[in-house]
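Please read the following with the sequence and the model side by side.

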Amino acid sequence: MTALPDADAALAGRPDGRARADAPAMVTVSRLAVSFGKVRALDGIDLAIKPGEVIALAGENGAGKTTLVRCLAGDIAPTSGEILLAGKPLLPDPLTAARRGVGVVWQDLSLCDNLDIASNLMLGRERRRQLMSDVRMHADAAAVLTRLGIRLTDTTRSIRSLSGGQRQLVAIARAMAGRPSLLLLDEPTASLSFRHAAQVEELITALRDSATTIVIACHDIDMMLRLGDRIVVMRHGRVAAEVDPAVVHRDEVAALLSGQELDWSARRQLTRLHGLTGRLVAADPSSSLSLILSALGAALGSERLCIHLAAGQELACSASIGLPEPLLTAWATLPAGAAGGPAGLAAATGRPVIVPDAQAGWTPFTRLAAASGVASSWSVPVLARDGLTGVITVFRDATGEPERDQLELVTVYAGYAASAIERDRLLDEVTERNRVLETIREVLETLAGPIPVGEGLALALESLCRGLQAAEVTLLTSTDDGELRPRGSAHATDAEPHRVGQDTPARAKALAAELLADHGQHGAARQLPGEDGQWYLAVTFSAPGGPCVLLASWRSGPPMSEATVLMEDAAHSLRLALEREQAGIALQEAAALRRSQELQRDFLSRLSHELRTPLTAIRGYATSLLQPDVTWDAESQQRFLHTIAAESNRLGRLVDDLLDFSVIELGILRLQPDWCDIGLVLEAAAACLPPEGAAMVELSCAPDLPVVWADHDRLEQVFVNLLGNAVSHNPPGTPVRVQAESADHRSVAITVTDEGVGLPAEMAAAPFEPRRAPNRTRTAGAGLGLSIARGIVTAHGGLLEFRPSLTGASFLVRLPVEDSGRPPGGDGGYSAPAPSAAEPRQREGKGAVAGGRAGR
C-alpha cells in the first residue's frame, strides 16, 4: 500500500474538528475477505474510519468498492475478518446495522415509484400517528427535508414524477431520516446531469460539515478531491493506496487507479521539479547541487549519486549521496577521457555513458565496482552555454539499462544542475565585484575623510588587504639615496604580523626596486612569482615625495582575477591622498609662516615700546644730571641715579628674556643639570619675590619627594615667573599655594595656584603664546615669561600646562626624576648617583644664584 508523505498529517484534524488523529476509530475493518465462489471480491482489507471523516473509495469496476459498502451495511456476510462499529462487531444484518446507526444509499436507490415522497421517506419506520394521519406523515417528511436543506416542498408528489437528481436527494434524505452516525453512498452521482450532480454534492457537503461520517464509493475523481478527507484506492479487492486530497493531484489518483507507481506519474514528477525549484531559490548556493542530487535520487529511487564539476582537464567531485568511502576517495578527482571511467568518458564525449554491467564496462574501476556493490551506472554530462560544466553519475544495484523516461529525467535534472552551476558562477563573480567595489569605497572614504592622511593610510591598507584577500599589503617610498622606506603595511588576520619594513622580505624589496627602475610601468599592476610559493602584485606610481610602490603578496596561489583592477585603483587613490597630504603640509607651513610673521611684527612692536620706555627714562635723568647750568642737590642726584639703575635693570631683564626666547625658539637652549631638591628650588624662587608678595606664598612639599636631574637656575627661573605672575597680576593679599608631590616613581608634579582674578578669556585659550602674554600693570616686561617657562620645562623633558579653575589660575609643572635620554655619565661631567629623598636638603651655593635670576 502506498501513501503520500503528508497523508497522516492531513488527518490530524480539520478546522471544524470533524476528524482528529487522536480520536478512536468509529469503524474498524480488519483482514476482511469476501469470496463469491472462486472469485475473491475482497482480499484482506484493513481500514480505519474516524468520526466525522469522509472516506472516498476509488477503483475501477470490479475493484471491490460496492462489496465493501455492502459489508459495511450488513447486507452480506464476509468470508473472513471482522468489522467493528463503535468498538463492537457489526452483524451481517441490514436491520441490525440500521438500528446501530448505519444509513445507506444504493446505486439503484431502491425507491418505490408508486408511492409519493413522504411515503418513501417514512417507509419502514412509520409511527402510529403517521399511519393514522396523512397530514402528520407529510408534515414529518417536510421537516426531514427542511432539516437536510432539500428544496422539495410538495411531499405529495409521486417519485415517478421526480428527476434523477431529485430522486437521489430523496434517497439520501430517507437514509438520513433516522440521523445515522455512518452514511454509505454507492455511486451517488452516477447517471446524473451536471446540475443534478451539483445538487447531490451540495447535500453531501452539508452533511460533511455537520460532522457526519461518510463513505462514498464512486468513479468521479474530482468529487473525491473536493469532498474527501482521505481517498482509499482499491485494486483487485485490496487497498492499493491511501492518499491525501490536499496534496495529491487527480493525475496521480488516475495513475494509482491504473496500477502505476505514484512517484512515476507525470504530475508527481512535475510537482517534484516545482518543489526543487522553490528550494533552490531559497537555499544557500553552496547546497544547490546536493539538493538536486537528493531530488533526483528520490525521483529515480536511487540512493547513490554524485556530480563532478569540470576543472580544466579534470573532474572534481562536488556533491555525492550514499557513496561508500573507497568509491568516494577514488572518484574525488577524475581525468577527462577513458582513464576517468564512465564519468571521464561522458565528459570527453559530451554524451551519456550507460554501463549496464559494471563488471564489464567500468574500466579501470572494475574491482572498485565489485567492492562497492555497483552493478550498473549512468553518467550524463551537464552542459551549459559555454560547454561542459560537469557530469552526473547514477549508481544502481542491479544490472541493466535505464528506461527511456528515466534517462530523460536525469537529463532534465542535469539542466537544473547546469543552471545552478551557472548561477553559482555568476554569484561568485558578483560577490567578487561587490567586494572590489566595497574595498574601493572604503579606501576612498578613508583617504578622503577627516582623519589625517598618515592615519588614513593604515586603515586604507587594511581595507585593501581584506578586499584582496592577501597575506600582506605594503606601501613603499624611495628616499633620495635610493633606499626603500615602508610608509605603511597591513597583514591578514591569520598571517603572522611583523614590524613594518624591518622584516619585509628581501625578495619583495628587490621586486619593488626593479619596478621603480622600469619607468614605463607606472600605474600598471604587474604579477610576479616569489619564493616558497608566494605571489606578488605590484603597482608603481609617482607621488610628490618621490616614486612609490604598492606591493601585495599571497602565500597560497596567485591573486584573484579582480586584484589587478583593485590594486591599480587603490594606487591611484593613494597617489591622490599623498598629494593631498603634501598640499596640506605646504598649507600648514604657509600658515605657520604667516603666523610667525604676525607674531614677529607684534613682538617687535611691543618690544620696541618696552625698550623705549627705560631708555627714555635713562636718557632723561642722565641729561638732567649733565646740564651745566643746573645744580642738583644731593638728594635729587641720588634719586636720579636710583631711577637710572632701576631702569637699567629693567632693560637688562628685557634683553635677557629676548635672548632666552631666541635660544628656546632655535632649540639650542643648554642646560647644566645636577641633582636638584625641588623644595630648595621653590624656596629660592619665593625668596626672589618682594617681601609683601613672598609672605602670601604657601609652600607644601611631600616628605617622599625625590630629587630630580635638572638645571637648578633654570627651574628657579620657571617658578619665579609663575609666582611673580600670581603675585603681581592679582590684588594685594591674594594667597598663592605651591604644592609639590611625587606623581609616580618617575616624575614630580608641582602645582602653582592662586585665588585671584584668573586669566582673561582670550589669554586662557593660548596662554603660552608670546603675543597673548599679559600686559604688565605693576612690572613692565615683554610678555615672554610663560613662553620661556614652558620652553625650559620642555627642555627638561617635562610638561607645563594651564588648568582652568572657577577662581584664580592654576599651572601644573610635571618633571621627570631622571631624563631617559641622559648619557650614563651625566651631562656636563656630572656622574654622581641620585641622592635619597630622605637626605637633608642642603644645597649650598645654589640658592645664592637665585638672586641673579630674580628678575626673569
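How far apart are the end C-alpha atoms of helix α8 (residues 194-209), and what should its 16 residues span? The end C-alpha atoms of α8 are 22 Å apart, which agrees with the 22 Å that its 16 residues should span at 1.5 Å a residue. The expected span here is 1.5 Å times one less than the number of residues in the helix. Helices (H or I, at least four residues) and strands (E, at least two) are DSSP runs, numbered from the N terminus.

Before going further, a note on the basis of these values: this is a predicted model, in which local features need pLDDT of at least 70 and side-chain atom pairs count only at pLDDT 80 or more, while totals for chains, interfaces and linings use all residues. Residues are numbered from 1 along each chain as its sequence is written, and side-chain values use heavy atoms, with hydrogens and water left out.

Which residues of α8 are buried? They are His196, Ala197, Val200, Glu201, Leu203, Ile204, Leu207 and Arg208. Buried means under 20% relative accessible area, exposed means over 50%, and partly exposed lies in between (1.4 Å probe, protein chains only). The exposed residues Phe194 and Arg195 sit on the face of α8 turned away from its buried side. The cover over the buried residues includes β4 (54-58), α6 (134-148), α7 (164-176), β8 (182-186), β9 (213-217) and α9 (221-227), where contact means heavy atoms within 4.5 Å. After α8 comes alanine 211, with a positive phi near 70°.

Arginine 208 also takes part in a charged pair: it forms a salt bridge with aspartate 209, and the closest N and O atoms are 3.6 Å apart. A salt bridge is a side-chain nitrogen of Lys or Arg within 4 Å of a carboxyl oxygen of Asp or Glu. Arginine 208 counts as buried at 11% relative accessibility, whereas aspartate 209 counts as partly exposed at 46%. The count of salt bridges by this rule comes to 20.

Another of these salt bridges joins the side chains of arginine 230 and glutamate 53 (2.9 Å, N to O). This pair links distant parts of the chain, 177 residues apart: arginine 230 is in strand β10 (residues 230-235) and glutamate 53 is in the loop between β3 (39-49) and β4. Arginine 230 is buried at a relative accessible area of 8%, and glutamate 53 is buried at 0%. The side chain of arginine 230 also makes a polar contact of 3.0 Å with the side chain of glutamate 242. A polar contact is a pair of N or O atoms within 3.5 Å; within protein, one must be able to donate a hydrogen and the other to accept it, and residues adjacent in sequence count only if both atoms are side-chain atoms. Glutamate 242 is in strand β11 (residues 238-243) and is buried, with a relative accessible area of 15%.

Where do glutamate 422 and arginine 385 lie? Glutamate 422 is in helix α17 (residues 404-447) and arginine 385 is in the loop between β16 (376-384) and β17 (387-396), so the pair ties together parts that are 37 residues apart in sequence. Their salt bridge has its closest N and O atoms 3.5 Å apart. Glutamate 422 is buried at 16% relative accessible area, while arginine 385 is exposed at 79%.

Helix α22 (residues 678-687) is mostly covered, with eight of its 10 residues buried. Its N-terminal end is capped by aspartate 677, which has a side-chain oxygen 2.9 Å from the backbone nitrogen of glycine 679.

Turning to aromatic rings, the structure holds eight aromatic pairs. Rings of Phe, Tyr and Trp (its six-membered ring) pair if their centres lie within 6.5 Å; planes under 30 degrees apart count as stacked, over 60 as edge-to-face and the rest as tilted. Tryptophan 331 and tryptophan 362 form a stacked pair, 5.1 Å centre to centre with 25° between the planes. Tryptophan 331 is buried at 1% relative accessible area, and tryptophan 362 is buried at 0%. Trp331, Trp362, Phe365 and Phe395 form one aromatic cluster.
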